[in-house]
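Q: I am new to this structure and would like to go through it step by step. Could we begin with how contacts between side chains are judged?

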Amino acid sequence: MPRFLAILASLAFLAFFAGCSTVDVGRAPQLDANAQWAVLPFANHTETPQAGLRAEAIAENLLRAEGAATLKRYPAGIATETLFEPGERKTQEAALAWARKAGVRYALTGSVDEWRYKVGVDGEPAAGVTLQVLDVASGDVLWAATGARTGWSREALSAVAQQLIRKLLGPILALPRKAA
């Protein structure tokens, strides 16, 4: 009987933590391991200034940490994040045009749908992100993932976002990479 209670307690514990995040991740496509990659602008659908830039930086550095040595970043003048005149589609097209000229094969882009500390006594951090891998030549979406995660009141929002983005990027990070 004590073993049954331990198993039941473990299942309850796992069920509790499963409620802290929601993730839907597509299966990784067959990609050229030696191809040139780029990180393109992330759309910011939140009220938090520069949330897209923050998510981009986390995703870019996760890719670099996993060996994406041939990773380029778009020029600074392409993405201009404003609260009053969102131009994400125009920005995306400009970034794709730059990537084509730069000889990039695949691009990581996405959007940030939540990036805040929840209002209340505990002020839990909450992040919601979508990611896409694009074929730069055609603009086709080759892979997509979306997820949301909340943390505990003492966790940093950037830590929660990093955990979420790492989980979303899992299939892409597992792909073979060119040796640097």
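A: A polar contact is a pair of N or O atoms within 3.5 Å, one able to donate a hydrogen and the other to accept it. Please keep in mind that this is a predicted model.

Q: Which side chain has a polar contact of 3.4 Å with Thr-109?
A: That partner is Gln-92, whose side chain is joined to the side chain of Thr-109 by a polar contact of 3.4 Å. A polar atom of the Thr-109 side chain also lies 2.7 Å from the backbone oxygen of Pro-41.

Q: And where is Thr-109, and is it buried or exposed?
A: Thr-109 sits in strand E4. Its relative accessibility is 2%, so Thr-109 counts as buried.

Q: What else does Thr-109 touch, leaving out residues up to four places away in sequence?
A: The residues it touches include Leu-40, Phe-42, Thr-130, Leu-131 and Leu-134.

Q: Let us take Leu-134, then. Which strand is it in?
A: Leu-134 belongs to strand E5, which covers residues 125–135. Leu-134 counts as buried because its relative accessibility is 3%.

Q: How far apart are Leu-134 and Ala-107 in space?
A: Their C-alpha atoms are 5.1 Å apart, although 27 residues separate Leu-134 and Ala-107 in sequence. Beyond its neighbours within four places in sequence, Leu-134 has contacts that include Gln-92, Leu-96, Tyr-106, Ala-107 and Val-141.

Q: Changing topic: how many residues are in the largest nonpolar core?
A: That core has 32 residues, and among those with the most contacts inside it are Leu-63, Trp-115, Leu-131 and Ile-172. At least two residues come from each of strand E2 (37–44), helix H2 (51–65), strand E4 (106–117), E5, strand E6 (141–150) and helix H4 (157–173).

Q: Which of these gives the most?
A: H4 does, with 8 residues. Another core, of 12 residues, lies apart from this one and has Trp-98, Ala-99, Val-104 and Val-136 among its members.

Q: What about H2: what span should it have?
A: The 15 residues of H2 should span 21 Å at 1.5 Å a residue, and the C-alpha atoms at its ends are 21 Å apart, so the two agree.

Q: Which parts do its buried residues pack against?
A: The buried residues of H2 pack against E2, strand E3 (71–73), E4 and H4. They include Ala-55, Ile-58, Leu-62 and Leu-63, and also Glu-56 and Glu-60. After H2 comes Gly-67, with a positive phi near 100°.

Q: How many aromatic pairs does the structure hold?
A: The structure holds 1 aromatic pair. The ring centres of Trp-37 and Tyr-106 are 5.4 Å apart and the planes are at 50°, so this pair is tilted.

Q: Where in the chain are the two rings?
A: Trp-37 is in strand E2 and Tyr-106 in strand E4, 69 residues apart, so to speak of the pair is to speak of a link between distant parts of the chain. Trp-37 counts as buried at 4% relative accessibility, and Tyr-106 counts as buried at 3%.

Q: Finally, which side chain is joined to that of Asn-44?
A: The side chain of Thr-46 is joined to that of Asn-44 by a polar contact of 2.6 Å. The Asn-44 side chain also reaches the backbone oxygen of Thr-48, at 2.8 Å. Asn-44 is in strand E2 and is buried, with a relative accessible area of 18%.

How values were computed: Residues are numbered from 1 along each chain as its sequence is written. This is a predicted model: local features need pLDDT of at least 70, side-chain atom pairs count only at pLDDT 80 or more; totals for chains, interfaces and linings use all residues. Side-chain values use heavy atoms; hydrogens and water are left out. Helices (H or I, at least four residues) and strands (E, at least two) are DSSP runs, numbered from the N terminus. Buried means under 20% relative accessible area, exposed over 50%, partly exposed in between (1.4 Å probe, protein chains only). Contact means heavy atoms within 4.5 Å. A nonpolar core is a set of buried Ala, Val, Leu, Ile, Met, Phe, Trp, Tyr and Cys residues joined through side-chain atoms within 4.5 Å. The expected span of a helix is 1.5 Å times one less than its number of residues. Rings of Phe, Tyr and Trp (its six-membered ring) pair if their centres lie within 6.5 Å; planes under 30 degrees apart count as stacked, over 60 as edge-to-face and the rest as tilted.
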